[in-house]
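Hi everyone, thanks for coming.

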Amino acid sequence: MTATAPILEVDDVSKNFEASRGLLGMPLLSRKREVVRAVSEVSLSLGQSEVLALVGESGCGKSTLGRVIAGLIRPTSGELRFAGISHTVLSAAERRDWARNVQMIFQNPYASLNARQTIREIIEEPLRVHRIVPKSDIAARADELLDQVGLDPSFGKRQPHQLSGGQCQRVGIARALTVVPRVLVCDEPVSALDVSIQAQVLNLFADLREELTIAYLFISHDLGVVERLSDRVAVMYLGRIVETATRDDLFSSPKHPYTQTLLDAVPKIGRSRAHSVKVSGERPSPLDPPSGCHFHPRCPHATDRCRVEIPHLKAVGSNQFAACHLYE
Amino acid sequence: MQDLSPIAATHREPLLKVRGLSTHFTTVSGTVQAVDGVDFEIGHGEVVGLVGESGSGKTMVGFSILGLIDPPGRIAAGKVVFEGNDLVGLPERELRGLRGRRISMVFQDPLTTLSPTMRIGRQMTNVIAAHQAMPMADARQHCRDLLGKLGIPSPDERMHAYPHQLSGGMRQRVCIAMAMLNRPSLIIADEPTTALDVTTQAQILGEVRKLREETGTSFIWVTHDLAVVSELADRLLVMYAGQIVEQGSVETILNRPLHPYTKGLLDSIPTNNPDAKRLPQIPGSAPPPGIGIEGCKFRPRCGFATDTCLDKPDLKILEGTRAVRCFHPQYDVEHPLTEAMS
C-alpha cells in the first residue's frame, strides 16, 4: 500500500435504481414502485499506483460502483474525490476532465468497441477529443499505444470483428490509455477470455502498472485473478462493503463470514473431491434485502442482533476492516 | 441402487465408446472440422471431464453423441457406440427414444432449456411421460423428490413456479433434475455451472457428487474450467482444435501434464502460480475452426515444436488410460511422480 495521499476517494456513495414495472425482470411485477439499493453507503480509497480489487458475486453492486467511479452514472448520494478535489455532480466539462483521469475497461471486449470503426479510429478518437497530442502526432501516438498493449501497428487497419477476444481487450486497454489516466476501472476485464488468453492480458496489466503511474480498481468475481494482481481487496455483498484488507490478510485470514464462504466456494485444483460445501442458502434479491446484516440468513454465526442492526466496518487488524458484529 | 441398464450383463464393455468421431461443417469458405477424429470411452459410473477452450470442439462432441448436429454440420466419420449400439446414422425416431431416457444433456443456459410458459412441475412430468407410463401422482412425487435432493427448498412450491420465478442457480438445478428423471446411464453436462456464482456452483457440484454416488450415473462434464472438473471428475480429456491432445486420470494430468498445451493451460491458471512475477502464458491464440494447420495443431504456439511436428502426431497410449498426442511430451524430471493428491 502506498503511504501517500489517495488518488481517488469514494465517500459514503450510494446508488439507487427505481425498478420499473416492465415485462422483463419479473420480480418487478409488484404494484409498488421499488427501489434497488445497488450501492449503499460505500466508502473506499485508492492509493496512487495501488491495485484495489472489488470482489463479490453477481448482483452485489460491484459493477454499479465501478460505473459510478468511472463517472458513467451519477451517484444518488455521496461524494467522489480525485486528488482531493470533490466531484459531486459533474457538469459536462467536469465529466470530460474526470474521463481524462479515470478510464474504464469493460467485460465484453467486442461490445465495448464500435464495430464500424477501424482499430486506428477507435484509438485516435479520444486523442482528438481530449487534445492529448498535437494533430500531427496523433498517428504516431496511436502506433505507440498499440505497441504498448502488445499489438502490431498493422492491426490499426482492421475492424473489431477481425480480432480475437484477447486482441479486442488489448484495443480496449489501449483506448483507455490514450488519455494517460491515473485510474483504470477494470470491470471483469478477463472473465470473457479463455484461460490462456487471460494470462496474457493479466501480464499486460502487470506490465502497464510497472511502466505507468496508474492505479487500478479491479472488479472481478474470480478470486484467483484477484489474488494474483491486487494489493488490497474489498468484498461486496448486496450493495455494501463487508470487508477490506490487504491481499495477504484477506486470503490468509478472512474475517467476515461471507468472505470465508466465498473463499471456500472457489474450486481449487488439487483439493479433495470429497470437499464439503459450507455455504448454505441463496443470495437474497437486492429488491428485498434482509434486515440488519444482509448476510445473516446465510451466516452460521448469526445472532438476534445481526437481524436488526446493520454492522459497520470496524478495524479487525492493522489494515483489515470487517462489517460484522462478531468482532466487537 | 439396481442397475437399470439393459446390458447390465456386459459390464466389462464401456458404457460409451467413441471411435474416430469427426464432425464437419460445410461453409462457403470450406469445410470446418469442428471435431477431428476423437476417440474415447466412458465407463459405467465414471465422471469424465472434457476440457478445452472456446472453439476446441468440446461442445460439438457432446452434440454429436446425441445426434444433435444439424446441417450444414454432419458427422463425417466415426462411431458412437452406446450400450452396444452405434448411434451414428440411427433414425431420428430411435434417437428421440434415447434422448432424455438413456442419455440426457444439461446445457449452459437453463433459460433456453426451460419453457418460459410452463410451470416447472408440468415440464418435469412431461419428461417422464415422454418415455414411460407412470401415474401422474407418482410422477409428480418423483419430480419433487429429485428437486429436494438437488437442494431446492420447498420443492412443492417450486413445482408450481414458472422458470422466471426462480434464480439462475435454482433453474440449473431444475435442469439437472430433469436430466436425471428417467435415470439415464449417461448425462452430458455442457458448462452447467459456468454462468453461476461460485457459491451456487459449489453447492451444485456438491449435490451432483452426492447424487451420482447414489445413482451411479456416468457424466461427461464439458467445461473450460480445470478447477471445477478437478473437484468432480475421475478422468480428464483435454481438447485442442477438435482433437483430444491428452487424457488420463485427474490426478496424473494435473500433477504431470505431458502435452505442452495442457501444461501451459495449467501454468496460466492464476492460483497455480501465486508467486511467479509474470504468469507463464501460451503465446498466440487458438486457431479459428476451419484454419488448416499442417501436422500438430498446437505447433504454432508450442515452445517445443520441431520439424518432426510437421507430421501429424497420434494419440499415443502410454499406460492404462493415459495418452498424449505429442512428439515431445514433457516428462518432468524435477517433479517426481506425485501420488499424493488424495
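Let's begin with Phe82(A), which has a relative accessibility of 8% and therefore counts as buried, since the cut-off for that is under 20%. Please keep in mind that this is a predicted model. What about Trp98(A), buried or exposed? Trp98(A) comes out at 0% relative accessibility, so it counts as buried too.

Over all chains, the count comes to 11 aromatic pairs. Phe82(A) and Trp98(A) make up one of them, an edge-to-face pair with 6.1 Å from centre to centre and 70 degrees between the planes. This pair links distant parts of the chain: Phe82(A) sits in strand S4 (residues 77-82) of chain A, while Trp98(A) belongs to helix H2 (residues 92-101) of chain A, 16 residues apart.

Over in chain B, take a look at Phe219(B) and Trp221(B). Their ring centres are 5.9 Å apart and the planes stand at 55 degrees, so this pair is tilted. Both Phe219(B) and Trp221(B) are buried. And back in chain A there is an aromatic cluster, formed by Phe205(A), Tyr216(A) and Phe218(A).

Now for some helices. In chain A, find helix H3 (residues 119-129) and helix H5 (residues 165-177): they pack at an angle of about 20 degrees, and their axes are 8 Å apart. Because of that angle, H3(A) is roughly parallel to H5(A). The crossing of H3(A) past H5(A) is right-handed. Which residues of H3(A) and H5(A) make the contact? From H3(A) we have Ile119(A), Ile122(A), Ile123(A) and Pro126(A), and from H5(A) we have Val171(A), Ala174(A) and Arg175(A). In that contact, six residues are nonpolar, none is polar and one is charged.

My last stop is chain B, with helix H7 (residues 168-180) and helix H8 (residues 198-215). Here the packing angle is about 15 degrees, and the axes lie 11 Å apart. So H7(B) is roughly parallel to H8(B), and H7(B) passes H8(B) in a right-handed crossing. On the H7(B) side, the residues that meet H8(B) are Gly169(B), Gln172(B), Arg173(B), Ile176(B) and Met180(B). Their partners in H8(B) include Thr200(B), Gln203(B), Ile204(B) and Leu211(B). How do the residues of the contact of H7(B) with H8(B) divide? Five are nonpolar, five are polar and two are charged.

How values were computed: Residues numbered from 1 in each chain as written. Chains lettered and ligands numbered in written order. Predicted model: local features only at pLDDT ≥ 70, side-chain atom pairs only at ≥ 80, totals over all residues. Heavy atoms only, no water. Axes fitted to C-alpha atoms, helices over the stretch in contact; angles between N-to-C directions. Helix = DSSP H or I, 4+ residues; strand = E, 2+ residues; numbered from the N terminus. Parallel < 35°, antiparallel > 145°, perpendicular 65-115°, else oblique. Left-handed = near helix turned anticlockwise from the far one by under 90°. Contact = heavy atoms within 4.5 Å. Nonpolar A, V, L, I, M, F, W, Y, C, P; charged D, E, K, R; others polar. Phe/Tyr/Trp six-rings, centres within 6.5 Å; stacked < 30°, edge-to-face > 60°. Buried < 20%, exposed > 50% of the residue type's maximum accessible area, 1.4 Å probe, protein only.
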